[in-house]
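Please look at the sequence and the model below before reading on. The paragraphs that follow lead through the salt bridges, the overall architecture and a few individual residues in turn.

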Amino acid sequence: MKTIIIDGNNLIHKVPHFKALFIKNKEAAQVSLIETVNSRITKSEKTEFVFDGHGGIKKSGVTFSNDLTADELIRKKIETFGDHKKLKIISSDNNITGLAKICGAEIQKSEDFWKEINRTNSVTAGKNINQNYIYDEKEKPGRPGKKDVDEFKKYFT
(Lines give C-alpha, C1' and ligand atoms only; values in the text may rest on other atoms or scores of the structure.)
Protein backbone atom coordinates (compact mmCIF):
# COMPACT_ATOMS: atom_id res chain seq x y z
CA MET A 1 0.00 0.00 0.00
CA LYS A 2 1.32 3.41 -0.97
CA THR A 3 1.28 6.16 1.67
CA ILE A 4 0.64 9.70 0.48
CA ILE A 5 1.77 12.45 2.86
CA ILE A 6 0.07 15.72 1.98
CA ASP A 7 1.18 19.17 3.12
CA GLY A 8 -2.42 20.20 3.81
CA ASN A 9 -2.18 23.99 3.98
CA ASN A 10 0.12 24.00 0.97
CA LEU A 11 -2.51 22.16 -1.08
CA ILE A 12 -5.35 24.33 0.24
CA HIS A 13 -3.57 27.46 -0.97
CA LYS A 14 -3.08 25.99 -4.47
CA VAL A 15 -6.82 25.39 -5.01
CA PRO A 16 -8.86 28.62 -5.28
CA HIS A 17 -12.15 27.39 -3.78
CA PHE A 18 -10.38 25.81 -0.78
CA LYS A 19 -8.33 28.96 -0.30
CA ALA A 20 -11.50 31.11 -0.29
CA LEU A 21 -13.13 28.78 2.23
CA PHE A 22 -9.95 28.74 4.34
CA ILE A 23 -10.15 32.53 4.70
CA LYS A 24 -13.72 32.23 5.99
CA ASN A 25 -13.44 29.01 8.00
CA LYS A 26 -10.09 27.27 8.40
CA GLU A 27 -11.43 23.98 9.79
CA ALA A 28 -14.18 23.70 7.16
CA ALA A 29 -11.58 24.07 4.40
CA GLN A 30 -9.41 21.38 5.99
CA VAL A 31 -12.31 18.93 6.39
CA SER A 32 -13.49 19.61 2.84
CA LEU A 33 -9.99 19.00 1.47
CA ILE A 34 -9.61 15.73 3.40
CA GLU A 35 -12.97 14.39 2.23
CA THR A 36 -12.45 15.47 -1.37
CA VAL A 37 -8.98 13.93 -1.68
CA ASN A 38 -9.97 10.71 0.11
CA SER A 39 -12.97 10.28 -2.22
CA ARG A 40 -10.72 10.50 -5.28
CA ILE A 41 -7.79 8.24 -4.47
CA THR A 42 -7.62 4.49 -4.96
CA LYS A 43 -8.08 1.91 -2.23
CA SER A 44 -4.42 0.94 -2.59
CA GLU A 45 -3.40 4.39 -1.31
CA LYS A 46 -3.44 5.71 2.25
CA THR A 47 -3.37 9.45 2.96
CA GLU A 48 -1.75 11.35 5.80
CA PHE A 49 -2.59 15.04 5.97
CA VAL A 50 -0.23 17.32 7.88
CA PHE A 51 -1.49 20.79 8.78
CA ASP A 52 0.33 23.71 10.42
CA GLY A 53 -0.56 24.69 13.96
CA HIS A 54 -3.31 23.40 16.21
CA GLY A 55 -6.61 21.97 15.09
CA GLY A 56 -9.70 20.21 16.25
CA ILE A 57 -10.09 17.56 13.54
CA LYS A 58 -9.93 14.12 15.14
CA LYS A 59 -9.64 11.78 12.18
CA SER A 60 -7.27 8.97 11.35
CA GLY A 61 -4.58 10.19 8.97
CA VAL A 62 -4.81 13.84 10.07
CA THR A 63 -1.97 15.42 12.05
CA PHE A 64 -1.46 18.97 13.27
CA SER A 65 2.09 20.17 13.77
CA ASN A 66 1.20 22.06 16.98
CA ASP A 67 4.33 24.00 18.00
CA LEU A 68 6.39 22.77 15.02
CA THR A 69 5.82 23.67 11.39
CA ALA A 70 4.14 21.18 9.07
CA ASP A 71 7.39 21.07 7.09
CA GLU A 72 9.35 19.93 10.16
CA LEU A 73 6.81 17.24 10.90
CA ILE A 74 6.78 16.02 7.29
CA ARG A 75 10.59 15.89 7.36
CA LYS A 76 10.46 13.64 10.44
CA LYS A 77 7.86 11.40 8.79
CA ILE A 78 10.02 11.06 5.67
CA GLU A 79 13.15 10.30 7.69
CA THR A 80 11.45 7.63 9.81
CA PHE A 81 9.40 6.00 7.04
CA GLY A 82 10.46 2.43 6.34
CA ASP A 83 10.19 1.73 2.61
CA HIS A 84 10.54 5.03 0.73
CA LYS A 85 9.46 3.35 -2.51
CA LYS A 86 5.97 3.16 -1.00
CA LEU A 87 5.93 6.85 -0.06
CA LYS A 88 4.59 9.79 -2.05
CA ILE A 89 4.98 13.39 -0.87
CA ILE A 90 2.56 16.11 -2.00
CA SER A 91 4.04 19.57 -1.47
CA SER A 92 5.27 22.53 -3.47
CA ASP A 93 7.92 23.26 -0.85
CA ASN A 94 11.36 22.61 -2.38
CA ASN A 95 12.96 21.68 0.96
CA ILE A 96 10.42 18.90 1.55
CA THR A 97 10.42 17.58 -2.01
CA GLY A 98 14.23 17.71 -2.14
CA LEU A 99 14.56 15.53 0.95
CA ALA A 100 11.90 13.12 -0.30
CA LYS A 101 13.67 12.81 -3.65
CA ILE A 102 17.01 12.09 -1.99
CA CYS A 103 15.37 9.40 0.16
CA GLY A 104 13.86 7.76 -2.93
CA ALA A 105 10.23 8.71 -2.33
CA GLU A 106 7.91 9.81 -5.11
CA ILE A 107 7.21 13.54 -5.14
CA GLN A 108 4.50 15.66 -6.72
CA LYS A 109 3.76 19.36 -6.56
CA SER A 110 0.47 20.23 -4.88
CA GLU A 111 -1.03 21.85 -7.98
CA ASP A 112 -0.11 18.84 -10.16
CA PHE A 113 -1.61 16.43 -7.63
CA TRP A 114 -4.85 18.43 -7.63
CA LYS A 115 -5.00 18.34 -11.45
CA GLU A 116 -4.34 14.58 -11.41
CA ILE A 117 -7.13 13.70 -9.00
CA ASN A 118 -9.56 15.97 -10.90
CA ARG A 119 -9.18 14.39 -14.32
CA THR A 120 -12.28 13.62 -16.36
CA ASN A 121 -12.58 10.15 -14.83
CA SER A 122 -13.34 11.61 -11.42
CA VAL A 123 -16.59 10.94 -9.56
CA THR A 124 -17.97 14.41 -10.35
CA ALA A 125 -17.05 14.43 -14.03
CA GLY A 126 -19.96 15.59 -16.15
CA LYS A 127 -22.12 16.34 -13.13
CA ASN A 128 -23.36 19.63 -11.75
CA ILE A 129 -21.07 20.44 -8.84
CA ASN A 130 -22.31 23.98 -8.19
CA GLN A 131 -22.99 23.02 -4.58
CA ASN A 132 -19.21 23.24 -4.08
CA TYR A 133 -19.13 26.89 -5.17
CA ILE A 134 -18.73 29.49 -2.43
CA TYR A 135 -21.17 32.32 -3.15
CA ASP A 136 -20.28 35.88 -2.37
CA GLU A 137 -23.21 38.07 -1.33
CA LYS A 138 -21.66 41.04 -3.17
CA GLU A 139 -21.62 39.08 -6.42
CA LYS A 140 -25.23 39.83 -7.36
CA PRO A 141 -26.21 43.41 -8.13
CA GLY A 142 -28.90 45.13 -6.10
CA ARG A 143 -32.29 46.20 -7.39
CA PRO A 144 -32.29 48.76 -10.21
CA GLY A 145 -32.83 52.38 -9.20
CA LYS A 146 -35.30 54.84 -10.72
CA LYS A 147 -32.61 56.21 -13.05
CA ASP A 148 -31.87 52.69 -14.38
CA VAL A 149 -35.58 51.96 -14.93
CA ASP A 150 -36.09 55.28 -16.77
CA GLU A 151 -33.10 54.58 -19.02
CA PHE A 152 -34.38 51.07 -19.72
CA LYS A 153 -37.80 52.46 -20.68
CA LYS A 154 -36.16 55.03 -22.96
CA TYR A 155 -34.49 52.33 -25.02
CA PHE A 156 -37.12 49.59 -24.92
CA THR A 157 -40.52 51.31 -25.13
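This is a predicted model: local features need pLDDT of at least 70, side-chain atom pairs count only at pLDDT 80 or more; totals for chains, interfaces and linings use all residues.

At 34% relative accessibility, Glu106 counts as partly exposed, a label for values between the limits for buried (under 20% relative accessible area) and exposed (over 50%), with a 1.4 Å probe and protein chains only. Residues are numbered from 1 along each chain as its sequence is written, and side-chain values use heavy atoms, with hydrogens and water left out.

Which residue does Glu106 meet in a salt bridge? The partner of Glu106 is Lys88, at 3.8 Å from N to O, where a salt bridge is a side-chain nitrogen of Lys or Arg within 4 Å of a carboxyl oxygen of Asp or Glu. Lys88 belongs to strand E4 (residues 87-90) and Glu106 to strand E5 (residues 106-108), so the pair ties together parts that are 18 residues apart in sequence; helices (H or I, at least four residues) and strands (E, at least two) are DSSP runs, numbered from the N terminus. Lys88, with a relative accessibility of 4%, counts as buried, whereas Glu106 is partly exposed. The pair is also part of a network of salt bridges that links Lys2, Lys88, Glu106 and Glu116. Side chains of opposite charge can pair when their charged atoms come close.

A search of the whole structure finds 7 salt bridges, and two of them involve Glu48. With Lys77, Glu48 forms a salt bridge at 2.9 Å, N to O. Because Glu48 sits in strand E2 (residues 45-51) and Lys77 in helix H4 (residues 70-80), this pair ties together parts that are 29 residues apart in sequence. With Lys46, Glu48 forms another salt bridge, in which the closest N and O atoms are 3.8 Å apart. Glu48 counts as buried at 16% relative accessibility, while Lys46, at 38%, counts as partly exposed.

These pairs can now be placed in the wider architecture. The protein has 7 helices and 5 strands, and along the sequence they follow the pattern β-α-α-α-β-β-α-β-α-β-α-α. Of its 157 residues, 34% count as buried. Among the contacts (heavy atoms within 4.5 Å) in the protein with a separation of 6 or more, 48% are between residues 24 or more positions apart. The accessible surface comes to about 10400 Å², with 52% of it belonging to carbon and sulfur atoms; such areas come from the Shrake-Rupley method with a 1.4 Å probe, and for residues only the protein chains shown count as cover.

How do the helices H4 and H5 lie relative to each other, parallel or antiparallel? The axes of H4 and helix H5 (residues 94-103) come within 10 Å and cross at roughly 5°, where axes are lines fitted to C-alpha atoms, for helices over the stretch in contact, and angles run from 0 to 180 degrees between N-to-C directions. H4 and H5 are therefore roughly parallel to each other, since angles under 35 degrees count as roughly parallel, over 145 as roughly antiparallel, 65 to 115 as roughly perpendicular and the rest as oblique. On the H4 side the contact is made by Asp71, Ile74, Arg75, Ile78 and Glu79, and on the H5 side by Asn95, Ile96, Leu99, Ala100 and Cys103. One of these residues, Asn95, is exposed, with a relative accessible area of 56%, and its C-alpha atom is separated by 8.3 Å from that of Asp71, 24 residues apart along the chain.

Another pair of helices, H3 (residues 26-40) and H6 (residues 110-117), packs at an angle of about 55°, with axes 10 Å apart, and that makes H3 oblique to H6. Thr36, Val37 and Arg40 of H3 make the contact with Phe113, Trp114 and Ile117 of H6. Also in helix H3 is Ser32, which is partly exposed at 23% relative accessibility and touches Phe18 and Leu21, not counting residues up to four places away in sequence.

A last stop is the loop between strand E3 (62-64) and H4, where Asn66 is found. Phi of Asn66 is near 55°, a positive value in a residue other than glycine, and Asn66 is partly exposed, with a relative accessible area of 39%. Most residues other than glycine have a negative phi.
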